[in-house]
Amino acid sequence: MYSLTFSVLFVAFLFLSLAVRFWLGSRQIRHVLAHRNQVPPRFAEKIPQEAHRKAADYTVAKTKFALLSLLVNAAVLVGFTFLGGLQSLSIALLQWLGSPGMVYQLLLIAGFAVISAAIDLPFDYYRQFVLEERFGFNKMTRRLFFADLVKNTLLGAVIGLPLLWVILTLMNGAGDLWWIYAWIVWCGFQLLMLVLFPTVIAPLFNKFTPLTDDALRSRIEALMQRVGFASKGLFVMDGSRRSAHGNAYFSGFGGAKRIVFFDTLLARLTPPEVEAVLAHELGHFKLKHIVKRISVIFAVSLAFLALLGYLKSRIWFYTGLGVTPLPFGSNDAMALILFMLALPIFTFLLSPLSSLTSRKHEFEADAFAVKHTNAPDLVSALVKLYEDNAATLTPDPLHSAFYDSHPPATVRIDRLLASA
């Protein structure tokens, strides 16, 4: 009875999420196309008509592709669950290994990951070499694309398998409160990655060189001194190897913080504009946005692990998703996979809460930047970034409220100009 109820709930939420996503996607397409031929008055003198049309076409193309990917992902989800994909993978591994020990559990998760990645690969390839190429953003060679794929796979195995071994060991042998110990391990792992990413992981994929523009360096160092930010260095990343999109960010944790500029960003913006963009990014740090986000992620992860701790011992959780749990041996790996598959379906409608918080932080970071730099410089930089990245200036309001982590361009610029 519980199994059937859970199956019905899962299917209902799956169809609800699909319906909402397609409704929002269709609204976005119609709204962007309806405004394709008219640049918003605020940007009429700064954004060429052709650039505005390109942004509209790029947005529509990405939205259509996302909807197609959504259908495929839903079919894959059903294939893994109700059509017996995970069950067949489990049986095949058991026949090969002979027992459901730790090797079986690790291989079950690894097999699931490899199959999922293989299904995603054609879509990633199309996105990079057709969609991004069509609009002039792709700078990546096919050799680099597959080199990144190999590096990501090896890195995932080197980092992920030991972490999974620890989590699965805790699930099996740490008692009913295993999820508390697993949460501590996971939080420690996340903090370790914040320290290791800028100096160990990121250099595996990109080249980072110290910023050599002395005038820009002096300007940035003066900004950091004004706001009280200490960094391990200012670096330029060769983002142009992969994409024409530009960005700036700081990464790391504690004493490992470093500021990174895409070379494409420095090539496009003036020094005052770069300073304003960086002031915005530093605003996220000084206003504790990053700490707040990490704290929320840690709190939510604790709640989800507690939920997993309850579900993993419930037979209906497995059978309701098309899997027969093993009568002897551990089902922990299967529980992890099923939980990862089901959780996004049941939490999808909470997405606007995350988007709302993120947009609030963006407004606050903009206000911080205006206090320490000039608002017109930030406005000018944002306009250039909107144009260069082909970001639509006319998103559908509901689509934007549901998905977008940043405020719509018109709203954001109007607020900045009002504060100038």
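Helices (H or I, at least four residues) and strands (E, at least two) are DSSP runs numbered from the N terminus.

A word on the ground rules. This is a predicted model, in which local features need pLDDT of at least 70 and side-chain atom pairs count only at pLDDT 80 or more, while totals for chains, interfaces and linings use all residues. Residues are numbered from 1 along each chain as its sequence is written, and side-chain values use heavy atoms, with hydrogens and water left out.

Back to α1: its buried residues include F6, F10, L14, L18, L24, I29 and V32, where buried means under 20% relative accessible area, exposed over 50% and partly exposed in between (1.4 Å probe, protein chains only). These buried residues pack against α2 (49–80), α11 (315–319), α12 and α15, with contact taken as heavy atoms within 4.5 Å.

A nonpolar core is a set of buried Ala, Val, Leu, Ile, Met, Phe, Trp, Tyr and Cys residues joined through side-chain atoms within 4.5 Å. The core has 47 residues, and L86, L108, L308, F317 and L338 touch the most other members. Leaving out residues up to four places away in sequence, L108 touches L89, S90, L93, A333, M334 and I337. A second, separate core holds 46 residues, among them M237, F262, A369 and A409.

A369 is also one of the buried residues of α13, along with F363, F368 and others including R359, E362 and D366. Helix α13 (residues 351–372) has 22 residues and reaches 32 Å from its first C-alpha to its last, close to the 32 Å expected. The cover over its buried residues includes α7 (214–227), α9 (271–286), α10 (289–311), α14 (375–388), α15 (397–403) and α16 (409–419).

Helix α10 has another partner in α6 (residues 178–201): the two pack at an angle of about 150°, with their axes 9 Å apart. Axes are lines fitted to C-alpha atoms, for helices over the stretch in contact, and angles run from 0 to 180 degrees between N-to-C directions. The contact includes W178, W179, W183 and W186 of α6 and I294, I297, F298 and L302 of α10. Its residues divide into 15 nonpolar, three polar and no charged; Ala, Val, Leu, Ile, Met, Phe, Trp, Tyr, Cys and Pro count as nonpolar, Asp, Glu, Lys and Arg as charged, and the others, Gly among them, as polar.

D148, in helix α5 (residues 142–173), is buried at a relative accessible area of 9%. Apart from neighbours within four places in sequence, D148 is in contact with M140, F205 and R242. K288, in the loop between α9 and α10, has a positive phi of about 65° although it is not a glycine. A390 has a positive phi too, near 55°, and lies in the loop between α14 and α15; A390 is buried, with a relative accessible area of 2%.

Methods. Expected span 1.5 Å × (residues − 1).
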